[in-house]
Amino acid sequence: MSIPPPIAMLAELTHRCPLSCPYCSNPIEMARQDQELDTDTWTRVFHEAAALGVLQLHLSGGEPASRRDLEALVRAARDAGLYTNLITSGIGLTEKRLGALDGAGLDHVQLSLQGTSPEMADEIGGYKGGFKRKMQVAEWIGQIGFPLTLNAVLHRRNLHQLPRALEMAVEMGARRIEVATVQFHGWALKNRDAFMPTRDQAREATRIVAQARKELAGVLVIDYVPADYHEDYPKRCMGGWGTTGLNVTPDGLVLPCHAAQTIKHLTFDRVQDKPLADIWYQGAAFNAYRGTGWMAEPCKSCERKTIDFGGCRCQAMAILGDPNATDPVCIKSPHHGALQATADTHASQAGASLVYRAQPRRATEPL
Amino acid sequence: MMQPGDIPALPRGVRLHYDAIRETWVLLAPERAVTLDGIGHAILSEVDGTRSFAEIIDLLAKKFNAPAEHITKDSDDFLQALRLRRFLEVSP
């Protein structure tokens, strides 16, 4: 199999964040500020990424605005020829900083939405006043004219707000909305009782999205991530392991996906030690689940094996303890029935409390 | 359907880019990259935010020495698809 060059790179600039969303995709063990890559190293990595074939750079975190050199990083990425996308909660952005990012050549902003009311958004984000601030930031984004995607993260507590989220996207002038039902990785795994949608909610969300796509055609593009546990076929995770994208952590590890560190037998290279191209083409973690050679039954003989590549490796690991297994979301997995029953149990835990994401330790704190 | 007087334009955040690694033109847009074939690239190369759809067809018909009705159909389909994805704006 010939290995295609990657199209997208997710640069996790920092794990620091003013919010503490209980579904954060950051790992439980986070990188400290003093371990973060410096401006020059990121600049080199951006140039290596462009030379490797990356077109889209997603600047993420944590909260990327927590990096004081964000403007310099955007400029460096544009100089390297990359399309620059800022994935932000908006907290930490001022009108002045947004102006500087505009001057640096930032192409696009993806703004997260924790809820459509201050009560919901501030409770989920764990940050009082966050919603109000975010609405102010959205206004500045509109005034500057940045293309905007609203990223609405939905779960059992706020799925009823989906219609309002769609309206807000239109009101803000967003060209696109991601309707993303929480995927259970990272901190979200600790919050399945609080966040698992009911089967009815999942079905209703799919209906609302289908209807809105018709009504808003040409006005708002809707990308939809359905409630995974209630589906019959798994997601084509990362567009196929090691085919489309890569992820660089704040301290320089290069991962095939943001949750890959949960697969304990994998080893990861660092941008400080090796060129990005070597890591992409020869790295052990990238080759571990590339293509279909690693598969066992029922994936091995499945007609869908190059459609979804057996689903999510990290989910097989998290639920079955076996990263080589068929994603248990799949109807062909012997564990599909058990997963659906588990989902229903999680979804019936009324009043389950939230486990908030922690902050990275400071350099002086002991392990 | 694009009308003859419609003026198509690439909005902010959508741009043509030559991908030297894959040796092809791509349209870069928010969180998307669309590979362009020769026809797509030829059409978008004439989109400058001032030319009308009719003027673009005229230029392409001369350039490729092809019947205007064929080019109209191809260009209309292509531009409409981009418009639906919010990669193209059209002003009357």
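This is a predicted model: local features need pLDDT of at least 70, side-chain atom pairs count only at pLDDT 80 or more; totals for chains, interfaces and linings use all residues.
Visitor: Which residues does Val248(A) touch, not counting residues up to four places away in sequence?
Guide: Residues are numbered from 1 along each chain as its sequence is written, while chains are lettered from A and ligands numbered from 1 in the order in which they are written. Two residues are in contact if their C-beta atoms, placed from the backbone, lie within 7 Å. Leaving out residues up to four places away in sequence, Val248(A) touches Met9(A), Ala11(A), Glu12(A), Val45(A), Val254(A) and Val271(A).

Visitor: Is Val248(A) buried or exposed?
Guide: The count uses C-beta atoms placed from the backbone: 20 or more others within 10 Å make a residue buried, 12 or fewer make it exposed, and anything in between is partly exposed. Val248(A) has 24 other C-beta atoms within 10 Å, so it is buried.

Visitor: In β9(A), what is the bridge partner of Val248(A)?
Guide: Strands pair if DSSP finds at least two bridges between them, and β8(A) pairs with β9(A) in the antiparallel sense over 2 bridges. The hairpin of these strands has 5 residues between them, where Gly252(A) takes a positive phi near 100 degrees. Across the pairing, the partner of Val248(A) is Val254(A).

Visitor: Which residue stands opposite Leu246(A) in β8(A)?
Guide: Strand β1 (residues 8-12) of chain A runs parallel to β8(A), and 4 bridges join them. In this pair, Leu246(A) faces Met9(A).

Visitor: Which strands of chain A stand at the edges of the sheet?
Guide: The sheet of chain A is open and mixed, with 9 strands in the order β7-β6-β5-β4-β3-β2-β1-β8-β9. A strand with a single partner strand has one side left without a neighbour in the sheet, so the edges belong to β7 (221-225) and β9 (254-255).

Visitor: How many residues are in the largest nonpolar core?
Guide: Such a core is a set of buried Ala, Val, Leu, Ile, Met, Phe, Trp, Tyr and Cys residues joined through C-beta atoms within 7 Å. Met9(A), Phe46(A), Ala49(A), Leu57(A) and Ile177(A) have the most contacts inside the largest one. Beyond neighbours within four places in sequence, Phe46(A) is in contact with Leu57(A), Ala76(A), Ala77(A), Ala80(A) and Leu82(A). The size of the largest core is 119 residues.

Visitor: What radius of gyration does chain A have?
Guide: Taken over C-alpha atoms, this radius is compared with a globule rule of 2.2 Å times the number of residues to the power 0.38. For 367 residues the rule gives a value near 21 Å, and chain A agrees with its 20 Å.

Visitor: How many residues does the contact take from chain A?
Guide: Chain B has a mean pLDDT of 96, and the model scores ipTM 0.95 and pTM 0.96. The contact takes 15 residues from chain B, and from chain A it takes 17 residues.

Conventions. pLDDT is the predictor's confidence in each residue, from 0 to 100.
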